[in-house]
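Please keep the sequence and the structure in view while reading.

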Amino acid sequence: MADPSSVEGCISCDLLAGRRPCPGGLIEETERWAVNHCVGPLGVGTLIAAPKRHVVHVWDLDAEEAAELGPLLRRTAGAVAEVFDPHQVYVCLWSHADNVPGHIHWVVQPVAASENPARRGAQLQAAMFEAGELPDPAAMEDAADRIRAVLAADRG
Ligand SMILES: [Zn+2]
């Protein structure tokens with residue numbers, strides 16, 4: 001049955017409902033959360049963890065959604081780290097577009113040691129959005145497969 005909270009035109013809801021394609025598909029899920037490859041210009045291997053329900057504010061998460069979040073982010077960041085061997089994995093939430101609060105989604109982004117040291121944190125993401133280079137769909141699918149394999153191995 002379709003999620004009654006699903007909002008057409010919301011990127012996260014559209015991805016979850018299959019109304020918008022996401023190369024690599026579903027990478028990880030819990031009962032209340034889904035993880036996909038980021039479709040925006042934040043590089044190959046950057047994932048998005050979003051609640052399956054259309055939730056716009058962190059304070060609107062219910063107790064079960066909140067309880068699943070920490071372990072999910074830890075597991076997802078760990079798998080990204082294992083696949084990409086980054087310097088750091090950023091985990092952050094902005095969820096604001098055109099001055100409108102949006103469906104909350106955590107970015108899980110591997111950052112290589114080789115990345116320009118002048119571009120860190122929010123500056124790195126701002127520069128990547130400015131450049132607007134969308135990840136190659138085939139590379140997104142490959143990254144998704146590799147991350148899924150690590151997550152599956154972790155589950156034993
Ligand atoms: Zn939504």
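Helices (H or I, at least four residues) and strands (E, at least two) are runs assigned by DSSP, and they are numbered from the N terminus. In this predicted model, the protein has four helices and seven strands, and from the N terminus on its elements follow the order α-β-β-β-α-β-β-β-β-α-α. The radius of gyration of the protein is 15 Å, close to the 15 Å that the globule rule gives for 156 residues, so the protein is as compact as a globular protein of that length.

**Overall dimensions and packing**

- Taken along the principal axes, the box filled by the C-alpha atoms of the protein is roughly 45 × 45 × 30 Å.
- Of the 156 residues in the protein, 30% are buried.

- Five strands form an open sheet in the order β1-β2-β3-β7-β4, and their pairing is antiparallel.
- At the edges of this sheet are β1 (26-29) and β4 (88-93), each of which pairs on one side only.
- From one strand to the next, the twist averages 20°.
- The antiparallel pairing of β1 with β2 (residues 33-37) extends over three bridges, and Glu29 stands opposite Ala34 in β2.

**The helix across the sheet**

- Helix α2 (residues 63-84) lies across β1, β2, β3 (47-51), β4 and β7 (106-111), and it runs at about 20° to β7.

Note on methods
Residues are numbered from 1 along each chain as its sequence is written. This is a predicted model: local features need pLDDT of at least 70, side-chain atom pairs count only at pLDDT 80 or more; totals for chains, interfaces and linings use all residues. Two strands pair if DSSP finds at least two bridges between them. Axes are lines fitted to C-alpha atoms, for helices over the stretch in contact, and angles run from 0 to 180 degrees between N-to-C directions. Two residues are in contact if their C-beta atoms, placed from the backbone, lie within 7 Å. The radius of gyration is taken over C-alpha atoms; the globule rule is 2.2 Å times the number of residues to the power 0.38. A residue is buried if 20 or more other C-beta atoms lie within 10 Å of its own, exposed if 12 or fewer, and partly exposed in between; C-beta atoms are placed from the backbone.
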